[in-house]
Amino acid sequence: MVLTSAVHAAEALSGGDTGTYFHPSGKRSADRLLWLQHASTPQGSLTLDDGAVEAVVKGRKSLLPAGIAAVEGDFGAGDPVELRDGAGHAVARGLVNFDAKEIPLLIGRSTRELARELGPAYEREVVHRDDLVLVRSSHA
């Protein structure tokens, strides 16, 4: 970003030595993800098996139905939920793609199997990695 007067804008934008330059200070998360991490209230939680914790936290992967061990709460698709490890510690927060009532049917199953049995709408992530933020924990 460059801060200068309108009179000197063309010179500053062409690289001239005028105005004040502010260089990028780091990668910035999308506003939606900042809201998700700091201002959202989880409407429920999903307990993950060890492989899913590893994939979500270290691999930065989406959460698939096969990695879910349990579901708690009453939430709808699009609501924020907490993702927990087997000991109950929060490892991430994300926007869920299914209602709480649907998830018990999905637990531990592959997306291919679900698509075959329930239709193509079920061949997707429970929480997509673009809708997921990690929370500070011993896993990160």
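**Salt bridges and strands, question by question**

This predicted model holds four salt bridges.

Me: Why is the meeting of Lys58 and Glu54 called a salt bridge?
Reply: Their side chains come to 4.0 Å, N to O. The cut-off is a side-chain nitrogen of Lys or Arg within 4 Å of a carboxyl oxygen of Asp or Glu, so this pair counts.

Me: What makes Lys58 exposed?
Reply: Lys58 has a relative accessible area of 57%.

Me: How do you know whether Glu82 is buried or exposed?
Reply: Look at its relative accessible area, 17%. Buried means under 20%, so Glu82 is buried. Arg84, which meets Glu82 in a salt bridge at 2.9 Å, N to O, has 23% and is therefore partly exposed.

Me: Where does Glu82 find its bridge partner in β6?
Reply: The partner is Arg93. Strand β5 (residues 80–84) and strand β6 (residues 90–95) run antiparallel.

Me: Why do we say that β5 and β6 pair?
Reply: Five bridges join them. Pairing needs at least two, so β5 and β6 pair.

Me: What makes β4 and β7 edge strands?
Reply: The open sheet has the order β4-β3-β5-β6-β7. Both β4 (68–73) and β7 (132–134) pair on one side only.

Me: Why is Arg109 called buried?
Reply: Its relative accessibility is 14%, under the 20% limit, so Arg109 counts as buried. Arg109 also meets Glu117 in a salt bridge (2.5 Å, N to O), and a network of salt bridges links Arg109, Glu113 and Glu117.

Note on methods. Residues are numbered from 1 along each chain as its sequence is written. This is a predicted model: local features need pLDDT of at least 70, side-chain atom pairs count only at pLDDT 80 or more; totals for chains, interfaces and linings use all residues. Side-chain values use heavy atoms; hydrogens and water are left out. Helices (H or I, at least four residues) and strands (E, at least two) are DSSP runs, numbered from the N terminus. Buried means under 20% relative accessible area, exposed over 50%, partly exposed in between (1.4 Å probe, protein chains only).
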